[in-house]
Amino acid sequence: MQRTLVLLKPDCVQRRLMGKVIGRFEEKGLSIIAMKMIRVTPDLARQHYAEHVEKPFYPSLEEFITSAPIVALAVDGLEAVNVVREMLGATSGLKAAPGTIRGDYSSSRQMNLVHASDSEESAKRELELYFNESDYCDYEHVAASFLRAIDES
Ligand code: CMP
């Protein structure tokens, strides 16, 4: 079982796509175990996007990610890091395959609606930026036995 961080970015919130995107994760059988709407500060943006801070597009990315609220989700599931990344599609909505979230709803490289951690190490670091241990609501998923066979978990 893996845990990953998903952010519904300002464009997702403003375009009223939160329900559709969250629904995709639920329909896939992933478990949302924490959820928080916040306004990202410039300081949090720099921590979250530390690997991009020196890149030419960073000032514009920071302006965008701090421009309106975002929703942070902690998502649990088998191979959740990779499964969620595949569901998002390529970074640019123009390149993302149809059927992926970005492929279906985004036509931008920057305003690509959703962020997800790209590895287990990134997930651990990024989850700590948004959630405390007490934020996680682990609960039994009553339909779990209808999502996969016992020997698959
Ligand atoms: P995300 O998956 O959150 O990771 C970094 C973000 O930077 C990315 O989604 C885009 O929103 C943005 N991004 C990546 N590459 C570019 C780029 N070349 N120009 C502008 N924004 C970018």
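Mentor: The discussion below takes several residues in turn and sets their values against the definitions.

Mentor: This is a predicted model, in which local features need pLDDT of at least 70, side-chain atom pairs count only at pLDDT 80 or more, and totals for chains, interfaces and linings use all residues. Residues are numbered from 1 along each chain as its sequence is written, and side-chain values use heavy atoms, with hydrogens and water left out.

Trainee: Why is tyrosine 58 called buried?

Mentor: Buried means under 20% relative accessible area, exposed means over 50%, and partly exposed lies in between (1.4 Å probe, protein chains only). Tyrosine 58 has 5% relative accessibility and therefore counts as buried. This residue lies in helix H4; helices (H or I, at least four residues) and strands (E, at least two) are DSSP runs, numbered from the N terminus.

Trainee: Which residues are in contact with tyrosine 58, leaving aside its neighbours within four places in sequence?

Mentor: Contact means heavy atoms within 4.5 Å. With those neighbours left aside, tyrosine 58 is in contact with Pro42, Ala45, Arg46, Tyr49, His52 and Val53.

Trainee: What makes glutamate 62 and arginine 46 a salt bridge?

Mentor: A salt bridge is a side-chain nitrogen of Lys or Arg within 4 Å of a carboxyl oxygen of Asp or Glu. For glutamate 62 and arginine 46 the N to O distance is 3.6 Å, and the side chains meet in a salt bridge. Glutamate 62 lies in helix H4 (residues 58-65) and arginine 46 in helix H3 (residues 42-48), so the pair ties together parts that are 16 residues apart in sequence. Glutamate 62, at 18% relative accessibility, counts as buried, whereas arginine 46, at 40%, counts as partly exposed.

Trainee: How many salt bridges does this rule give?

Mentor: The count comes to six salt bridges. One of the pairs is aspartate 135 with lysine 36, whose closest N and O atoms are 3.1 Å apart. Aspartate 135 lies in the segment after H7 and lysine 36 in strand E2 (residues 31-38), so this pair ties together parts that are 99 residues apart in sequence. Aspartate 135 is partly exposed at 22%, and lysine 36 is partly exposed at 26%.

Trainee: What places lysine 124 and glutamate 128 about one turn of the helix apart?

Mentor: Both residues lie in helix H7, four residues apart. An α-helix has 3.6 residues a turn, so residues three or four places apart point the same way. The side chains of lysine 124 and glutamate 128 meet in a salt bridge with an N to O distance of 3.1 Å. Both lysine 124 and glutamate 128 are exposed.

Trainee: Which residues gather in the patch of negative charge on the surface?

Mentor: They are Glu51, Asp118, Glu120 and Glu121. A patch is made of residues with over 30% relative accessible area and no salt bridge, with like charges joined within 9 Å. Asp and Glu count as negative. Glutamate 121 is exposed, because its relative accessible area is 61%. Its place is in helix H7 (residues 120-130).

Trainee: Is leucine 113 buried or exposed?

Mentor: Leucine 113 has 0% relative accessibility and so counts as buried. Leucine 113 also has a positive phi, about 70°, although it is not a glycine. Its place is in the loop between helix H6 (101-105) and strand E4 (114-116).

Trainee: How do you know that alanine 80 is buried?

Mentor: Its relative accessible area is 0%, so alanine 80 is buried. Alanine 80 is found in helix H5. Leaving aside neighbours within four places in sequence, alanine 80 is in contact with Gln2, Thr4, Leu30 and Val75. The C-alpha atoms of alanine 80 and leucine 30 are separated by 7.5 Å, although the two residues are 50 residues apart along the chain.

Key:
Patches are made of residues with over 30% relative accessible area and no salt bridge: like charges are joined within 9 Å, nonpolar side chains (Val, Leu, Ile, Met, Phe, Trp, Tyr) within 5 Å. Accessible areas come from the Shrake-Rupley method with a 1.4 Å probe; for residues, only the protein chains shown count as cover. The place of a charge is taken as NZ of Lys, CZ of Arg, CG of Asp or CD of Glu.
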